[in-house]
Amino acid sequence: EVPPLDVPELLAVLVRQSGPFLDQFGIRRKQVVFTVFLNVVSDLCDKIVENLCSKRKNQLVLRSLVAGEPPAVDPDKINDELDLRIASVLQSTGHCSDRGGSWTDFMKPDVTDGKRHVAIVTTASLPWMTGTAVNPLFRAAYLAKSAKQKVTLLVPWLCRSDQELVYPNNLTFGSPEEQENYIRNWLEESVGFKADFRISFYPGKFSRERRSIIPAGDTSQFIPSKNADIAILEEPEHLNWYHHGKRWTDKFNHVVGIVHTNYLEYIKREKNGALQAFFVKHINNLVTRAHCHRVLRLSAATQDMPKSVICNVHGVNPKFLKIGEKVAAERELGQQAFSKGAYFLGKMVWAKGYKELIDLLAKHKNDLNGFKLDVYGNGEDAHEVQSTAKRLDLNLNFQKGRDHADDSLHGYKVFINPSVSDVLCTATAEALAMGKFVVCADHPSNEFFSSFPNCLTYKTPEDFVAKVKEALANEPQPLTPEQRYNLSWEAATKRFIEYSELDRILNNEYSGTTIRKSNRKVIARSVSMPTLSEMVDGGIAFAHYCLTGNEFLRLCTGAIPGTRDYGRQHCKDLHLLPPQVESPIYG
């Protein structure tokens, strides 16, 4: 119903858009003659626009006469009318651009309601019960709980063929809405309150070799420009290995990366691991430096990165703290809370501590005579792990994997975790929250837990034997209120806000982008000379963008074929325009 722009209107837009180009000559406005020339050109542009919009001008004059006002026409009104005309035409086509541009850059971001926008972007989603699916979900819920900021959680959407490979119990979803309902129901059951935040999806593909999800296309485009204020990148190195799109620090005012995984430890265990780890280490440093203002490392077990600080910003699921409170109440009444001995729980792959566990038990089989350990887990290496334990005649009782909060696990007194590949073991935190003993290695990944009296760390294999015997012979101490709080997500969120500098960002007045009108021009950001460090970061980001745009180079470095852009099935599932329409080559 809205008529398209006619030729005079299109010419008026073209002339007006040439203003910034002419302003570039203002760098050398020292000569009076040149200044006069620019003023003449500027006036000429206004005259041309005014004449081209003569139809609009006549309408304004007529409107003024009807209202009984003098027939004076303000050039600003003509430009405002032209803006509204353009906006109405764009709206009538259904087009909505989040990439930025002539009419969208000045809208970034919208803080008119007084609330900042926080976008949390992660690399996994429920029902895959992995740390990068669960912890960002809790972070979103507890950040939104304060109601000081609006929160969006951006998670990967997998096509059905990938869902069948990743999600447990043959669970699949036909639409993003169906998966969102599953996520919200699980979260509400876990935290006990209804979290008010938005869940969005971006296209992802599952890599069998890496056992992880790789983004397809430019992930940043799925956060609208008006909401592009603060970004939290869960696993920033993972998200940006093959990221071919807008630089996060260009689109967002403050970008925080949270390092979850010790990728170098896993890579070193592979063939030619040392060489691969060397390259991955430097790539991780480069991409996090280029795309983040601040990086948080959950423990010193991760690689050192630019702009990074160490802090545990994770908590435990509230249900484990409730189990711990129940156990403490039973013990106060004189009841026996723990009727079983020791257990280990984890995904059954060698890298998750099974190699260290079997080595320790095989070496000290005689010292731990009569010691029985129940092991719970599923995984790709299950058959090999179990056959090795049987060959060495170890007293291990293997069971199917289950939820750590399962009733059958409440009666165990000692949780044993010899893994040194974890960054911050969630199962260790959960066992402590339930009031159990934990026997774990004296390793940077366990530094946060070592302050708890029920955490018994060992440095040598002989020390491991001593700690196991000590735990089996004694009763764990009840957690104090302060210790329970330190394990909670309330405390983790407080630590996150402090160490990510969000407290300073959220409490200060909005200063990342100054939006004001001056002589009908919108000024989006005050420009200053970049520092040498910023220039280097920009160069790294540009080089990375160029390299990730080449499909041959992507494949050489291990990318999944066809992940530079999302595919046809993702277009259908997420109702997206095809990549060639969304980002035309001439754009």
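Start by selecting strands S10 (residues 373-376) and S11 (residues 396-399): they pair in the parallel sense over four bridges. Strands here are DSSP runs of E, at least two residues long, and helices are runs of H or I, at least four, both numbered from the N terminus; two strands pair if DSSP finds at least two bridges between them. This is a predicted model, where local features need pLDDT of at least 70 and side-chain atom pairs count only at pLDDT 80 or more, while totals for chains, interfaces and linings use all residues. Residues are numbered from 1 along each chain as its sequence is written, and side-chain values use heavy atoms, with hydrogens and water left out.

Now pick Asp 374. Its bridge partner in S11 is Asn 397.

Show side chains on S10. Leu 373 and Val 375 point one way, Asp 374 and Tyr 376 the other.

Next, bring in the helices. H14 (residues 354-363) makes a right-handed β-α-β unit with S9 and S10, and H15 (residues 382-391) makes a right-handed one with S10 and S11. To check by eye, point the strands away from you: right-handed means the path from the first strand over the helix to the second runs clockwise.

Jump to strands S3 (residues 198-207) and S4 (residues 212-215), which run antiparallel with four bridges. They form a hairpin with four residues between them, and Arg 211 in the turn has a positive phi of about 50°. Gly 204 has Pro 215 as its bridge partner in S4. On S4, Ser 212 and Ile 214 point one way and Ile 213 and Pro 215 the other, and all are buried.

For a surface stop, select Leu 275 in helix H12 (residues 273-291). Leu 275 is exposed, with a relative accessible area of 52%.

Finally, zoom out. The protein comes to 24 helices and 16 strands, and buried residues make up 47% of its 587 residues. Among contacts (heavy atoms within 4.5 Å) between residues at least 6 apart in sequence, 70% join residues at least 24 apart.

Conventions: Buried < 20%, exposed > 50% of the residue type's maximum accessible area, 1.4 Å probe, protein only.
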